[in-house]
Amino acid sequence: MTLAFYALLFVIVAPVFGGLLAGADRIVTARMQSRVGPPLLQPFYDVGKLFQKQSRLLNPIQEPLLLGHVVMMAATGAMMVSGTDLILVTFVFALASLLLVLAAGSAYSPYSFAGAERELIVLLASEPFFILMMAAICKVTDASTFGAVLASPTWVAFQLPGILIAFLMVATIKLRKSPFDISTSHHAHQELVSGLTSDMSGRLLAYVELAHWYESALLCGFAVLLFNWSIPLGIGAFLVAYAAEVLVDNVTSRAKWQLVLRSTWVATLLFAGGNVLALFVVGR
Amino acid sequence: MANPLNLPMVPRALRNVVSRPATRRYPAEVRTPFEGARGKIEFDVSTCNYCMLCARRCPAAAITVNREERTWAIEHLRCIACNVCVEVCAKKSLAMSNEPRKPHTPADSRDGHRPGHEEWHGEAPDAAVTAARGSGA
Amino acid sequence: MKKTIIPFGPQHPVLPEPLVLDLILDDEKVIDAVPTIGYIHRGLEMMVERVEYTEMGFVVERICGICSFMHGMGYAVSLESIMNVEVPERAKWLRLIWAEISRVQSHLLWLGLGADAFGFENLFMHCWRMREEVLDIFEKTTGGRIIHSVNRIGGVKRDVSDSELAAILARLQELAKAFEETARIFASDPSIAHRLGGVGVLSAADALETAAVGPMARASGIRTDTRLYGANLYDQIEFEPVVETAGDCLARAVVRMREIPQSIDIVRQAIEKMPKGEGLPLENKPRGNPVGETFTRLEQPRGEVLYYVKANGTKYLERFRARTPTFANIPAMIKLVKGCDLADVPNIILTIDPCISCTER
């Protein structure tokens with residue numbers, strides 16, 4: 001019963017958290033660019049407006065796919081906090097991301113299609129890390145669910161410093177920040193226009209935004225897993241990491257896909273893989 | 001390859017966070033226009049002698065003058081603020097204000113209203129007109 | 001595999017203006033690029049038949065919003081040479097000063113747009129904030145930020161007092177100092193080097209073959225600059241054109257970056273050399289209607305521009321034509337786009353500093 005309550009709590013609180021985070025992000029980004037910036041609640045106004053706007057439905061499949069994207073994203077978080085096996089959570093997370101790729105690929109625009117191809121590339125770059133991270137967390141805590149990891153006396157972050165470094169890099173992809181925002185970006189000022197979301201309008205785009213808020217909250221949940229001594233500490237660590245991402249976003253240009261794939265794989269192998277290898281060597 | 005951790009924009013970005021933004025909240029906070037800025041044309045109907053020189057020299061054909069009915073009209077949306085009419089006006093009836101025109105909204109064109117259209121009606125023709133006609137041609 | 005065709009333009013956020021480039025892609029490699037122009041043709045050259053030559057200057061100025069001062073100046077210089085009007089000394093110097101300030105403005109705009117094309121939004125805002133200061137100088141001295149309307153056939157319409165000129169110079173030099181940081185960012189940022197270094201290399205031979213002009217040619221090691229011919233008082237200015245040899249996108253950015261302090265230095269020299277004092281003559285009004293034809297060349301921020309004017313003694317010109325630098329640089333751009341990555345396309349297009357409004361008029 002309590003687990004179901006946690007799941008419901010995530011579904012309700014996560015978008016609020018993600019939206020506020022996006023609002024704060026926009027203010028900080030604006031200040032870094034010496035602009036005044038929008039109000040904190042601007043992302044909510046935007047999504048509200050998107051829901052009111054006319055949606056151009058290009059084909060009958062896109063809307064179900066995007067709805068599925070939002071639902072799966074929310075479900076991933078809900079499953080995580082309600083005690084599903086963490087490896088399973090990672091796979092559901094990948095499936096949720098894949099639905100967005102399918103929705104973008106089903107559109108007719110070449111921009112959207114090329115964006116979908118690039119999103120596949122970034123999934124290819126980020127997924128191995130998430131599986132490795134979850135496996136490592138489960139290994140060091142000897143637990144397989146969110147609650148059990150939090151209850152574990154082992155301090156995960158101390159055991160997995162390499163994973164932490166790689167997490168920062170991969171989170172750049174998931175938060176769609178420069179230099180890794182190749183498939184779509186917040187600014188729609190790239191060679192693929194808005195890439196993945198080029199062909200989405202009205203409520204379809206609102207679904208993507210909403211799913212992104214869930215995704216931010218989910219990543220925050222991952223951070224809590226890494227800093228498992230207390231939930232506020234995990235959230236605090238995530239906010240610090242997010243601020244660092246915003247800074248990186250503002251001091252780099254967008255990389256090409258070859259570099260994105262190469263650098264994230266090198267980071268996954270070197271830091272995350274090396275970390276896990278070291279655990280096995282030391283643990284023996 | 002260059003060192004990926006050497007990011008020269010970082011100090012600038014951090015400095016921007018703590019310093020005052022360069023932009024302003026526009027409709028709420030408006031910059032005072034510069035001294036010599038060309039904003040909009042202002043017309044003084046009392047001194048005009050309806051010589052039509054401004055209308056003839058206006059490159060954008062924004063000014064219409066009717067000598068018989070003594071009306072002077074300008075379409076501000078056509079006006080390119082080139083200052084030519086002000087330069088040619090012998091009576092100094094025209095002036096260039098440095099205040100820019102306010103932007104128009106759809107509400108301005110309701111009820112058949114023409115946005116940007118301004119019209120002046122002078123007093124009834126008198127002896128001055130005949131004099132102007134003589135010299136204006 | 002089926003080839004993807006990406007319509008790059010006419011409405012594309014990376015391009016400031018409507019140029020169409022149909023990119024034929026194999027995966028993310030560009031195999032071919034087919035350019036189409038004509039989306040912003042406004043028939044401005046044809047307007048000489050309906051607009052009197054005295055008013056045509058305002059039309060010419062509106063060919064493009066970035067090089068508007070130079071266009072107005074080029075038209076005025078052409079007509080002055082046809083009508084044998086001697087322009088007062090101070091007016092000539094003022095024109096030179098404004099022309100160089102507009103080069104600073106144009107290059108800052110371009111650096112921002114270039115940064116935006118490779119996804120560096122912060123640098124984009126940074127460059128444009130600096131550009132605002134230059135536009136403020138224009139608004140104070142000419143009355144307009146973008147369209148200045150100060151050039152008339154025979155001179156200029158407004159004077160700038162000597163104290164004001166000194167203040168402008170001080171401000172520009174301050175700007176040059178602040179710009180050093182931006183220049184360092186462009187030169188040393190690894191993510192910029194990743195996006196621009198070695199991308200779109202135009203060899204000197206190719207630059208000559210495709211007749212590239214302006215910064216595009218200078219970045220490939222060709223010492224070409226219309227200002228070197230000395231017209232419009234440039235013979236009294238000491239300067240050496242900025243030449244880079246790498247020929248890649250980064251070199252083209254570096255050329256423009258180095259031209260900003262150079263232009264500010266030219267403004268300094270001009271202010272030192274111009275006749276001082278209040279109330280000096282600024283305009284010699286031409287008499288009658290023009291007869292004859294002429295060519296005028298100017299070095300715009302984007303490269304050499306060429307005006308052809310033919311007058312037949314009426315108040316309407318017979319022919320007016322402007323060949324703008326972007327038009328000359330498009331063949332080189334197409335050559336570079338073939339074979340590059342899709343992600344490089346915006347950088348290559350933007351490093352020629354395209355001005356499609358100029359190209360199509």
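Q: How are α4(C) and α5(C) oriented to each other, roughly parallel or roughly antiparallel?
A: In this predicted model, α4(C) and helix α5 (residues 162–188) of chain C pack at an angle of about 170 degrees, with their axes 11 Å apart. Axes here are lines fitted to C-alpha atoms, for helices over the stretch in contact, and angles run from 0 to 180 degrees between N-to-C directions. Angles under 35 degrees count as roughly parallel, over 145 as roughly antiparallel, 65 to 115 as roughly perpendicular and the rest as oblique. The two helices are therefore roughly antiparallel.

Q: Which elements of chain C each supply at least two residues of the side that touches chain A?
A: This contact takes 23 residues from chain C and 24 residues from chain A. The chain C side has 12 nonpolar, six polar and five charged residues. Helices (H or I, at least four residues) and strands (E, at least two) are DSSP runs, numbered from the N terminus. The elements asked for are β1 (4–8), α4 (121–142), α6 (190–196) and α11 (345–351).

Q: How many residues of chain B are in contact with chain A?
A: On the chain A side, 10 residues take part, and they meet 12 residues of chain B. By class, the chain B side has seven nonpolar, three polar and two charged residues. The number for chain B is 12.

Q: What pattern does chain B follow along its sequence?
A: Chain B has four helices and five strands. Read in sequence order, they give α-β-α-β-β-α-β-β-α.

Q: Which residue in the turn between β2(B) and β3(B) has a positive phi?
A: Strands β2 (residues 63–66) and β3 (residues 71–75) of chain B pair in the antiparallel sense over four bridges; pairing needs at least two bridges found by DSSP. B:Ile63 stands opposite B:Ile74 in β3(B). The strands form a hairpin with four residues between them, and the residue with a phi of about 55 degrees is B:Arg70.

Q: Where do the residue numbers start?
A: Residues are numbered from 1 along each chain as its sequence is written, while chains are lettered from A and ligands numbered from 1 in the order in which they are written. In this predicted model, local features need pLDDT of at least 70 and side-chain atom pairs count only at pLDDT 80 or more, whereas totals for chains, interfaces and linings use all residues. Numbering starts from 1.

Definitions and conventions
Contact = placed C-beta atoms within 7 Å. Nonpolar A, V, L, I, M, F, W, Y, C, P; charged D, E, K, R; others polar.
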